[in-house]
Every structure is written in C-alpha cells, then in structure tokens.
Amino acid sequence: MVTRRDSVWKTVDWVTIVIYLLLVVGGWFSVCGASYDYVDRDFLDFSTRAGKQFVWIVCSFGLGVVLLLLDDMFYDTFAYLIYAGMLLLLLVTIFIAPDTKGSRSWLILGPVSIQPAEFAKFATALALAKFMGAYGFVLHRWRSVLTIAFLILCPMLLIVGQRETGSALVYLSFSLMLYREGMPGAVLFAGVCAVVYFVVGIRFGDVWMFQDTTSIGEFSVLCLILISVPALLRVYLPENSRVRLWPLAASGVGVVLLACALSGWLWAFNVVYVLWGLCAVAVGWLFYMLLRERRRVYAFIAAFLIASVGFLYSCDYVFDRVLEPHQQVRIKVLLGLEEDLAGAGYNVNQSKIAIGSGGLWGKGFLNGTQTKLKYVPEQDTDFIFCTVGEEEGFVGSVSVLLLYMALILRLIWLSERQPTVSGRVYGYCVMGVFFFHLFINVGMVLGLTPVIGIPLPFFSYGGSSLWGFTILLFVFLRIDAARGLRMR
C-alpha cells in the first residue's frame, strides 16, 4: 500500500529539484572562488565563508525535505498566521537590530545572523495565494485591490523602515502575478511609463537645445505623453470611433514641428510652453468627449495625462529630497551624469573588468586575478556573478543564465498546470521573485541597472538568502506535488 507521504516523492517535480541542486552547487563553487585566499586551502572549514556556505547548503537540503514532508494544506491553513508573524518580526527588527552598513535588517542570534526580509517573501506569497484563491474572489473589485495592496505594501514599508530599499523593491515582482491573474495591461503600461519618464527626465533634464531655451528632458517626456493619448484611444475605443484620431494626431505633430522650426531658425523660445498648451487642449478635448459620448475611457486617459505631467515635474523633488545621497550618486553614475570610478561607480567598474578579463572560456577555478586580489567589493554576495564571468568566462556565464531561464520557464509551466487559483498565484509569485532578483542582480553587475544590493538566488553568499529562496521554491514544489496526488 502506498501512503500519502510516500507518494510525495513520486509526484514531486524532480526536474526543478535537479535545476535547484545544480544552481546551489554552482553557487558554492563561485563562493569558494570569490572568498578564496592564498592561505585558505580547506573550503570546508567553518571559519571560512566557503565552509559556512557549505553548512548552510546542507541545512537547506534538510529544510527542503521537511517542507516536502509537511501536508500541503498546512501552508493554506496557516498562511495568514505566517504572514502576521513575519510582519511582527519585521517590525521588531527595526528596533532591536544593530546598525549594519547603514541598515537595521539583521538579527544577531549568537554566532548566526538572519535577515527576516528574505523570509517575508514566501509569507507574502502565501497570504496573496490564500486571499486570491478564496471562493468568490474578483480582482477588479475595489475591496480586493485594496486588500492586495495592503498585503504587498505592509512588508515593503517595514523593510524600508529597516533602510533596505533594495529588498523592498523585490515586492514589485508580484505585479507579474497580478498581470497573469487579470490585472489590466494599462497598469503595467503606467509603470513602464513612470520608469521612462523618470530616466529621461533626470538624464536629459539639464541638456538644452534651441540656444539653451528648451530642456531636452522635459521636451522628450511631454512628447511621449502626448503620443500616448492617441495610442491609448486607439486601443480602448471601439473600431467605429477611431477615424477621428488621425486629425487629432496630425494637428498635434504639426504644431510641435512648427514650434521647433520657429524656435530653431527665427526666435528662440521655450518649446515646452507649446507642449503645455497641447496637453491642456488634449485634456479639454477628452473631457468634452466624455460629456458627449459618456465613455469612461476618456476620463481615464485624461487622468493618465494629468498624472504623467505631474509625475514628470515631481521627479526632481523625489530625486533631490526623497532619495538618499548615495542613491542619487548611484543613479547619476548609471545614467552617465557622473563618472565616479573611485566612489559609487567603483564596484560596477571593477565588476566589468573582472567579467571582461574572463574572455570566452574564463581563467579557470581559483585563477581569477580580480577575485583573488579582492578588487571587487561584495564579490561573494551582491557581485557574485562577476566571479562567474572571470573564472568561467562567457561560456560559463551563459550556461548559468540558461540554467536560470530553465528554472523560470519550468516555474511558469508548473504554475499553469495548477488546478487551483491559489496554487497558480503562489507559483507566479515564486517565478516573479526569482526573475526580479536575476534581472536586477545581473543588470547591476553589468552596469545596466542601479546597484540596490539584492542577492543572486542560490549563488550569493549568505544563509538567509539561501534558506529564503529554498523555502519559497520548495513550498511551491509541495503544493505542486499535492496536485499530482489529487489527480489520482
């Protein structure tokens, strides 16, 4: 007779477990290479980082087994209790954690330090899965939207209170799950627009044209905002209403071109004023059409236009007054506004040197000069990927990225085959967290994204991140294994 517990090992997804093992083992060798010192020969010595990571890896294997042996209903039954417990732990951490490199996010428990923020991700994912999997849940109700926002924003705000902005931003990855569950594409579009407006506005805000009368940053963003109006109307209006958009778009383009020609050749003036006028005309026209046709889409697009202009002119305030000085410098270095190779840009510059020096095949295990001589700060934590690039080269780096891609695609496939909404929601939460960490970590090592200090899953040194990702993944594997049992 086959018992339920015995059946777990037959229904669990072994492909994902194999990928997990390959990543963890590869991560340990990378930690060995990154933390290697000429006097350290025993990688299993607990006094070394490689030895500590080995112990944490063994513990994570045991943790994975325990999570698979627990009944799958345990996670659903105690989802809210686990979430509340993690919120309490995050709150307590703010007051009792010591100041570590400017943040209060680490709890010291004797010889071991843990970061509760790493474990709050799976607790939040469980709470979201339980709430969205409840009978009668409808995403588009205001009550549902507010509850989901509460579940996501609470841990984010507490982590920001710990001065761990990077870890808090990870919770934005849950938007991928929300999009899969029916969140309007307009929300994602608005998020992308906000990023583009911020980057273009800050990067080119002090670059001028037309005899230093018009800011290229303001001009570009306002043009993008005006272009988005007919584009959104074309998407959301019925087919028989789209013919009127061509005169609207053509007249707007004609006015902008005429203003640029006059400012460039006859009399230099700030063309931004013309764009303000066009925005005002567009808002007025949208409200006129709202009263005439009673279509709410006109109100939404008008609100988007007004909010976009407001966001543009709030970027400077947020950049100068809200962001910390070190965060401002990092963004300026990333956008090319400053070149601080000895300061904020030092990590990224040395990381690029390390990856570039690896060539096609790499220098070999423990043979990385940048790694050995400790040129890259945090090279075994946030910048672990530069060790892969230097020692394993382009081939090794691509292999690691392909392995991560296989994990993410596998998680999507497993999520789609879940028979319950809660299982699918949790699966996409897991996928989103892994994707966000991978994209941002590799991006910041290559100088493509800001340095916000988040680990590379299963590769970066640290027990909290390793256990946090292990819990996140194996809880989903247990939920998926129960799917196989129910189908028998």
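## A buried tryptophan and its neighbour

W28 counts as buried because its relative accessibility is 14%; buried means under 20% relative accessible area, exposed means over 50%, and partly exposed lies in between, with a 1.4 Å probe and protein chains only. F29 has a relative accessibility of 40%, so this residue counts as partly exposed.

The structure is a predicted model, in which local features need pLDDT of at least 70, side-chain atom pairs count only at pLDDT 80 or more, and totals for chains, interfaces and linings use all residues. Residues are numbered from 1 along each chain as its sequence is written, and side-chain values use heavy atoms, with hydrogens and water left out.

## Aromatic pairs

A pair of aromatic rings is described by the distance of the centres and the angle of the planes. Rings of Phe, Tyr and Trp (its six-membered ring) pair if their centres lie within 6.5 Å; planes under 30 degrees apart count as stacked, over 60 as edge-to-face and the rest as tilted. By this rule there are 23 aromatic pairs. One of them joins Y20 and F458, with 5.1 Å from centre to centre and 85° between the planes, an edge-to-face arrangement. Y20 belongs to helix 2 (residues 14-35) and F458 to the loop between helix 19 (421-445) and helix 20, so the pair ties together parts that are 438 residues apart in sequence. Helices here are DSSP runs (H or I, at least four residues), numbered from the N terminus. Both Y20 and F458 are buried.

The pair of W28 and F29 is also edge-to-face, because the ring centres are 5.2 Å apart and the planes stand at 70°.

## Charges over rings

A charge sits over a ring if NZ of Lys or CZ of Arg is within 6 Å of the ring centre and within 35 degrees of the ring normal. The charged end of K130 is placed over the ring of Y80, at 5.6 Å from its centre. The ring of F204 has the charged end of R203 over it, 5.0 Å from the centre.

## Helix 6 against helix 7

How do helix 6 and helix 7 pack, and at what angle? Helix 6 (residues 116-132) and helix 7 (residues 142-161) pack at about 175°, and their axes are 11 Å apart. Helix 6 is therefore roughly antiparallel to helix 7; angles over 145 degrees count as roughly antiparallel, under 35 as roughly parallel, 65 to 115 as roughly perpendicular and the rest as oblique. Axes are lines fitted to C-alpha atoms, for helices over the stretch in contact, and angles run from 0 to 180 degrees between N-to-C directions.

Residues of helix 6, including A117, T124 and F131, meet residues of helix 7, among them S144, L151 and P155; contact means heavy atoms within 4.5 Å. The residues of this contact divide into 10 nonpolar, 3 polar and no charged.

Beyond its neighbours within four places in sequence, S460 is in contact with residues including Q53, D380 and P455.

N441 lies in helix 19 and counts as buried at 0% relative accessibility. R483, in helix 20 (residues 463-486), counts as buried at 10%. Leaving aside neighbours within four places in sequence, R483 is in contact with R417, Q418 and P419.

Methods:
Helices (H or I, at least four residues) and strands (E, at least two) are DSSP runs, numbered from the N terminus. Ala, Val, Leu, Ile, Met, Phe, Trp, Tyr, Cys and Pro count as nonpolar, Asp, Glu, Lys and Arg as charged, and the others, Gly among them, as polar.
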